Amino acid sequence: MRKKVITLSSLFALLICCFIGVNAYADEPFDISAAEVKTTYASYDYRFKEIKPIVTVTVVKEGESVKLDSKTDYTVEYSDNINAGTATVTVTGTGGYTGCATGNFTIRPLKITEKGFSYTNTVKAYPGSAPQYSVQYKKTELALDTDYTVTSTGYDKCGYKVAEVKIKGIGNFRGTKTIKASVYPDRVTGIKYKKTGASEIKFKWKSLENEGIKNYRIYLVDKKGKVIKTFKDVKTNSAVLSDLERGKVYNFKIRAYVTKNGKTLYSDFSKKVSCFTRPEKVTLNYACRGAKYKINAGWDEISCSGYQIKYSTDKKFKKNVKYAYAGSLKTSKKIKVKKAGKPYYVKIRAYTKFNGEKKFGKWSRKFTTEFGKLYEYYSTYYVNNPNRTTNLKLACKAIDGTIIYPGETFSFNEVVGIRTASKGYKPAPIFTGTTGHEDGVGGGVCQVASTMFNAALYCNFAIVERHQHSQRVVYCPLGRDAAIFWGSEDFKFRNTSDFPIRINMICEGGKLTCKIYTNGYKKPPKVKLEVDRSGNHFTLHRYVNGKSNYTTRSTY
């Protein structure tokens, strides 16, 4: 009985040992070194970054293929998986698996001629200077000499698409892109200029004939270099710019150009070149003495930056010389002087301001501030009636020396004033209606107005106000009289010239004369006066250079 129990116990122990032995074999990790490692695709295009494809790992266990679980059975590492070439995938067993296995996939270079690539000309080609290009794939910039090379030929002469550019992919890129590039003229340099005339400038610059260039275009630009207009085309490396406006600063730029195969290629603009023309000679119209010790000068406007006025009490300008200045838009200037009694001598010239300096034109003709030039005059005659003659002389004295500046209007009543006994005026005959006469204070002064009227007509001044007498007068032609009466009738004329005048009224020896003086060198226009009569109607016409510019009518 004892022997049987021992036998059963031994058998039980043996079974336990067998069970333990089986479990120990089942827990031993499986070596995957011989596993098959594959990626989704065997090759991929270069992507500018790491490529990490999905990996499949398969092992053979007890004669059967088993696909491992990527979450529990192994981990994955990639190497050489950015640039073109062979990339490696390494899987390492985890959990119930051990060991490592590897697989490979290929990264293909991108072909630069395929869709998505763009080519930008970053540096234009010039004779002897190759063009430069940048390459992009979608929005990614490629690196020169790392991703591609550029080789150019045929850029020794200018022309439209005459150079050949080959862009060859290297490293992660392959293939060759061929581009036809244009070769542009070089920028114009070495520009020099000189004045060859008053309104003419000659330009010369470095020739580009060795590049096959014969054509140049000159542009007028503003002071900031912005093109205003095309000024001139020439077929040589020089140009004469004529008919320029006097007294101006000009700015120019030049471009070379070539036309081939129906296409025109321009060089870059040259640097801005500034030059100037001297102003023309100024016409000084007057220089006279004004009130409060002033010189009043006037001139014709010209194109310039401004004016310089020289004045002195020495007619040869050897001593006591002073200067005054006026802006380019001014045509007159009032200059304060100290010496009231002496005449001054005046000249004027214009200047162009260039690079901070004044470039002067020629001096004008010299003027004196004294009214020494008789411009025009007119005389009438009177009978020596003592009272009437007194009135004539008083009116003439009031007018004598009056200066009228350009644009100003002379008024007889304003200058002479009301004729009263307190001023010395005497009773003398005046018209009453169409037939009567009577004595009135200041009688006869109408003859002064009529004399001035005729002088103003011959000066071609504008007649602002004129009235006829109610009866015919004998001291001037019918239709050419001028009546005045305080408060209702005045005689007015406007100085329509461009220079001041001084009126000189002389009453002596039965002769009344109105003289118009200037201090300039102007001549009066050719004036013709004609009076047409129809019964008791008289029509006065003034003709200047054959054309009528004033008409007035009288009925006596």
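A residue is called buried when its relative accessible area is under 20%. By that cut-off C158, at 2% relative accessibility, is buried. C476, with a relative accessible area of 6%, is buried as well, because this value is also under 20%.

Good morning. The mean pLDDT of the chain is 92, and 95% of its residues reach 70 or more. Two stretches call for caution. Over residues 1-8 the pLDDT is below 50, and beyond near neighbours in sequence this stretch makes zero contacts in the model. Where pLDDT is low, the predicted coordinates should not be read in detail.

Let me turn to the overall form. The secondary structure of the chain consists of four helices and 45 strands. The chain has a radius of gyration of 54 Å, whereas the globule rule gives 24 Å for 556 residues; the chain is therefore more spread out than a compact globule. Along its principal axes, the C-alpha trace spans about 200 × 70 × 55 Å. Of the 556 residues, 41% count as buried. As for contacts between residues at least 6 apart in sequence, 59% of them join residues at least 24 apart.

Three strands form an open sheet in the order β2-β4-β5, with antiparallel pairing.

The pairings can be followed residue by residue. Strand β2, residues 36-39, pairs with β4, residues 55-61, in the antiparallel sense over four bridges. Within this pair E36 stands opposite T58 of β4. On its other pairing, β4 is joined to β5 in the antiparallel sense, again over four bridges, and here V59 stands opposite V66 in β5. In a regular strand the side chains alternate between the two faces of the sheet. In β2, V37 and T39 make up the covered face, while E36 and K38 make up the uncovered one.

T72 lies in the loop between β5, residues 64-67, and β6, residues 74-79. Is T72 buried, partly exposed or exposed? With a relative accessible area of 45%, T72 is partly exposed, because that value falls between the 20% and 50% limits. Leaving aside neighbours within four places in sequence, T72 is in contact with T94 and G95. T72 and T94 are 22 residues apart along the chain, and their C-alpha atoms are separated by 6.7 Å.

I close with the cysteines. A disulfide is a covalent bond between the sulfur atoms of two cysteines. How many disulfides does the structure hold? The number is zero. For C476 the reason is distance: the closest cysteine sulfur, in C446, lies 10 Å from its own sulfur, which is too far for a bond. The cut-off used here is 2.5 Å between the two sulfur atoms. Thank you.

Key
Residues numbered from 1 in each chain as written. Predicted model: local features only at pLDDT ≥ 70, side-chain atom pairs only at ≥ 80, totals over all residues. Heavy atoms only, no water. Buried < 20%, exposed > 50% of the residue type's maximum accessible area, 1.4 Å probe, protein only. Helix = DSSP H or I, 4+ residues; strand = E, 2+ residues; numbered from the N terminus. Pairing = 2+ DSSP bridges. Contact = heavy atoms within 4.5 Å. pLDDT = per-residue confidence, 0-100. Rg over C-alpha atoms; globule rule 2.2 N^0.38 Å.
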